Amino acid sequence: MIAERYDIAVQADVIEFPWENEDNRAVAKAIATTDDGKEYSGWGTASAGDGDMADQLIELAETRELKRAVSWSSGVGIVSYHEMADEL
């Protein structure tokens with residue numbers, strides 16, 4: 001993952017679980033911290049009402065928040081090391 005390549009630490013938390021609200025929406029937030037101490041946040045949501053897979057809402061929200069936080073903190077619009085292998 002790009003976070004490892006750029007020495008970015010990421011803390012992820014689920015803020016709201018689908019069974020805690022009437023929209024059945026999962027909400028997650030990540031904080032990515034660069035090696036110089038700067039912090040970047042990323043939010044992710046998932047809801048079966050929006051077409052997401054109902055049995056994977058927490059995982060989808062978490063993946064989205066992690067990708068956004070890492071993307072902001074690294075300045076890289078993609079988050080897989082393998083996607084950039086030829087450029088690194």
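In the predicted model, the side chains of Asp 50 and Arg 25 meet in a salt bridge, with an N to O distance of 3.0 Å; a salt bridge is here a side-chain nitrogen of Lys or Arg within 4 Å of a carboxyl oxygen of Asp or Glu. Asp 50 lies in the loop between β3 (39-47) and α2 (57-74) and Arg 25 in strand β2, so the pair ties together parts that are 25 residues apart in sequence. Strand β2 comprises residues 25-33; helices (H or I, at least four residues) and strands (E, at least two) are DSSP runs, numbered from the N terminus. Asp 50 counts as exposed because its relative accessibility is 55%, whereas Arg 25, at 24%, counts as partly exposed (buried, under 20% relative accessible area; exposed, over 50%; partly exposed, in between; 1.4 Å probe, protein chains only).

Beyond its neighbours within four places in sequence, Arg 25 is in contact with Glu 16, Phe 17, Pro 18, Thr 45, Ala 46, Ser 47 and Asp 50, contact being defined as heavy atoms within 4.5 Å. The C-alpha atoms of Arg 25 and Ala 54 are 9.5 Å apart, at a sequence separation of 29 residues.

The structure holds two salt bridges. Asp 52 forms one with Arg 64, the closest N and O atoms being 2.9 Å apart. This pair links distant parts of the chain, with Asp 52 in the loop between β3 and α2 and Arg 64 in helix α2, 12 residues apart. Asp 52 is buried, with a relative accessible area of 16%, and Arg 64 is partly exposed at 27% relative accessibility.

Residues are numbered from 1 along each chain as its sequence is written, and side-chain values use heavy atoms, with hydrogens and water left out. As the model is predicted, local features need pLDDT of at least 70 and side-chain atom pairs count only at pLDDT 80 or more, while totals for chains, interfaces and linings use all residues.
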